[in-house]
Amino acid sequence: MSETPQTAFGGRRAVPLNNSNAEENDPPTVELQGLVPRSFNLQDYLNVTGVHLFKERWDTNKVDHHTDKYDNNNLIVRRGQSFYVQIDFNRPYNPRRDLFRVEYVIGRYPQENKGTYIPVPIVSELQSGKWGAKIVMRENKFVRLSIQSSPECIVGKFRMYIAVWTPYGILRTRRNPETDTYILFNPWCEEDAVYLDDDKEKEEYVLNDIGVIFYGDVNNIKSRSWSYGQFEDGILDACLYMMDRAQMDLSGRGNPIKVSRVGSAMVNSKDDDGVLVGSWDNIYANGVPPSAWTGSIDILLEYQSSKNPVHYGQCWVFAGVFNTFLRCLGIPARVITNYFSAHDNNANLQMDIFLEEDGNVNSKLTKDSVWNYHCWNEAWMTRPDLPVGFGGWQVVDSTPQENSDGMYRCGPASVQAIKHGHVCFQFDAPFVFAEVNSDLVYITAKKDGTHTVEAVDTTHVGKLIVTKQVGGDDMKDITDTYKFQEGQKEERLALETALMYGVKKPLNTEGVVKPRSDVDMDFEVENAVLGKDLKLTVTFQNNSPNSYTISAYLSGSITFYTGVSKEEFKKETFDVTLEPLSSKKKEVLVRAGEYMGQLLEQASLHFFVTARVNDTGDILAKQKSTVLTIPKVIIKVRGAKVVGSDMVVTVEFTNPLKETLQNVWIRLDGPGVTKPMRKMFREIRPNSTVQWEEVCRPWVSGPRKLIASMTSDSLRHVYGELDVQIQRQPSV
């Protein structure tokens, strides 16, 4: 079967690496052995005249395998489950004298022991867990087979051949792209490593092609729909191409642990020219701002066609594209958002925020950052490489944050292992544990070089961990799957377990925290609308019989959602005198003009208030973020909402700002309703409205969603969406 390699391999291996699904090597159509008599005539033996794969969307193969949604003309089946094939011969098949078998081949150097050449034997009964073909019908000149694949089979695109035995050798059908067969992971098969028993969860985590991604701030949670589009034309091939680009050996592509780990490296472009270039600096020249994307389809198709990384992505874009990759291949997956996510540079479970002696933040010393939120993925699989109990949901993260075994990737890390502090198990569990469990430590860096711990906040990081609920667009709180409630004995035990397994934690925060001050401080930021003034209220509470004077400093910054500050736009100092056992409020007005010129991708304002109780020297510190409310894109539909019928979609946006928006791009997407499209408007003047109309012809029935985004030079992260119910085509 194997092509004889031309290269010398120095005795290490007999054949080259087989790491490309796209590369091919056709086996010979005639393999004759020994002396062949002159009277030998190919026509005297069984000849294949046709192969039927029952691969239409309505055929039982695609319906039973839940692959009928793929916009793909080839047969797509899931491993470990039987499917039907019909073979036409030049004469009736006689089981006593005729011998044939089906062969599946993948890659250029197929080998049976690697699972890349699969000869499927004709058997009397199919056996669970094994390849086999059973004749279920024999009539005239055709036979119908029920073929079952192994639940551990390689996932990819196989070439199919029929081989017929003669006394002098093998006759094989020619290469026919029409019979190429995709084999995917199978969450419906109990023997598959990705088996998921709940039907509603399979519907959500494998078959739903539209999702909801949560972002914003823990006190102001926002959401946006995302078109995963895993069934759209070309997406399955793009996902297989990603593994080819990673030069992933074909023999490992049946293992969801390996596939998801390779995927987490390939979705970002660092070190392997993967799908997306990350950019967090608010400069998106020669590319698309991350907030402009409405889904994964354009990104993956552009990557496959250009063979170059696509510009640009941030965490929710990486997570959205990775979710498409996983669901497309059949691995159950969901997007997770962790609010106040620690990016702990040295995984010591401690986010050190250094303060000057006057209470201001020392940005030179403060290296760790707390992201307002961070999105990653969970993939569902067994973990035979770990002790029992650590299978199920696994964290996989494709945002390039830290190096793992020489590449920018993360996971799969068992969520159950993270919850219980078992961070010794692969892959990257200490980093994920730190993302949800770090302490926030405020340290004063004194002029004499000494450091004093002022306060420790053990509850700030990993405040809320959420995902989209099954069967709806609402938010589901899954914090308790990652961590025990603060203060529980189990929570302390999980932390001690993580420390035992080598997660570093400096001990200088234990017992050295100053006694609690007599004065408490908190502040609230009112919900703010883009382009409007907002108010901030600081409250001081004196719990003692003494009078105190307080010197306070308020800093307002424009921050990236990663917690990194771009520009300080507000500085204000004020003094407060507190009478015994009393409270006092101080209101600070933030004018729109102060922040509008500096706005970033996600319109997030970060406020930091530090105060010194002059009489005792105590330092009080609090920080909060607020995400501005941004206007929406309006989507309207008119006409029949029926498969195959024309329907008019109108996208509308009104500029609420006092300035003209330049270089405006509006994007529209809706899996099953319209292919992704976009339109440019040179400018939108203040308070004026632009409209864009497109005629769409839906091809998928049921509940669908239209998603739009607007991006411009000075305003981004503007979305709109509309739920539409598409009716089936009336039967004639």
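Among the contacts that join residues at least 6 apart in sequence, 68% are between residues at least 24 apart. The model in which these contacts were counted is a predicted one, and its secondary structure amounts to 11 helices and 40 strands. The C-alpha trace of the chain spans about 115 × 60 × 45 Å along its principal axes, and of the 732 residues in the chain, 56% are buried.

The packing of two helices was examined first. Helix H4, which covers residues 256-266, and helix H6, which covers residues 315-329, have axes that come within 10 Å and that cross at roughly 155 degrees. Because an angle over 145 degrees counts as roughly antiparallel, H4 and H6 are therefore described as roughly antiparallel to each other. The crossing in which H4 passes H6 is right-handed. On the side of H4, the contact is made by Val259, Ser260, Gly263 and Ser264, and on the side of H6 by Phe322, Phe325, Leu326 and Leu329. Sorted by class, the residues in this contact of H4 with H6 comprise five that are nonpolar and three that are polar, with no charged residues.

Aromatic side chains were considered next, and the count of aromatic pairs in the model comes to 21. In one of these, Tyr284 and Tyr312 form a tilted pair, with a separation of 5.7 Å centre to centre and 50 degrees between the planes. This pair links distant parts of the chain, given that Tyr284 is in the loop between strand S14 (276-278) and helix H5 (297-306), whereas Tyr312 is in strand S15 (residues 310-313), 28 residues apart. Both Tyr284 and Tyr312 are buried. A further tilted pair is formed by Trp376 and Tyr482, for which the values are 5.9 Å centre to centre and 55 degrees between the planes. Trp376 belongs to strand S18 (residues 369-381) and Tyr482 to helix H9 (residues 479-482), so that this pair ties together parts of the chain that are 106 residues apart in sequence. Trp376 has a relative accessibility of 0% and therefore counts as buried, and Tyr482, whose relative accessible area is likewise given as 0%, is buried as well. Apart from these pairs, Tyr215, Tyr339, Tyr373 and Tyr719 form one aromatic cluster.

His311 and Tyr312 are joined by a cis peptide bond, for which omega is about 5 degrees. Tyr312, placed in strand S15, thus takes part both in this cis bond and in the tilted aromatic pair with Tyr284. A cis peptide bond also leads from Gln426 to Phe427, with omega near 5 degrees, and Phe427 is located in the loop between helix H7 (415-419) and helix H8 (429-437).

Positive values of phi in residues other than glycine were found at Asn140, where phi is near 45 degrees, and at Gln247, where phi is near 55 degrees. Asn140 is situated in the loop between strand S7 (132-139) and strand S8 (142-148), and with a relative accessible area of 66% the residue is exposed. Gln247, for its part, lies in the loop between helix H3 (235-245) and H4, the helix whose axis crosses that of H6 at roughly 155 degrees. Because the relative accessibility of Gln247 is 58%, this residue also counts as exposed.

When residues up to four places away in sequence are not counted, Ser583 touches Phe540, Gln541 and Leu578. Ser583 and Thr60, by contrast, are 523 residues apart along the chain, and their C-alpha atoms are separated by 72 Å.

Conventions. Residues are numbered from 1 along each chain as its sequence is written. This is a predicted model: local features need pLDDT of at least 70, side-chain atom pairs count only at pLDDT 80 or more; totals for chains, interfaces and linings use all residues. Side-chain values use heavy atoms; hydrogens and water are left out. Axes are lines fitted to C-alpha atoms, for helices over the stretch in contact, and angles run from 0 to 180 degrees between N-to-C directions. Helices (H or I, at least four residues) and strands (E, at least two) are DSSP runs, numbered from the N terminus. Angles under 35 degrees count as roughly parallel, over 145 as roughly antiparallel, 65 to 115 as roughly perpendicular and the rest as oblique. A crossing is left-handed if the near helix is turned anticlockwise from the far one by less than a right angle, and right-handed if clockwise. Contact means heavy atoms within 4.5 Å. Ala, Val, Leu, Ile, Met, Phe, Trp, Tyr, Cys and Pro count as nonpolar, Asp, Glu, Lys and Arg as charged, and the others, Gly among them, as polar. Rings of Phe, Tyr and Trp (its six-membered ring) pair if their centres lie within 6.5 Å; planes under 30 degrees apart count as stacked, over 60 as edge-to-face and the rest as tilted. Buried means under 20% relative accessible area, exposed over 50%, partly exposed in between (1.4 Å probe, protein chains only).
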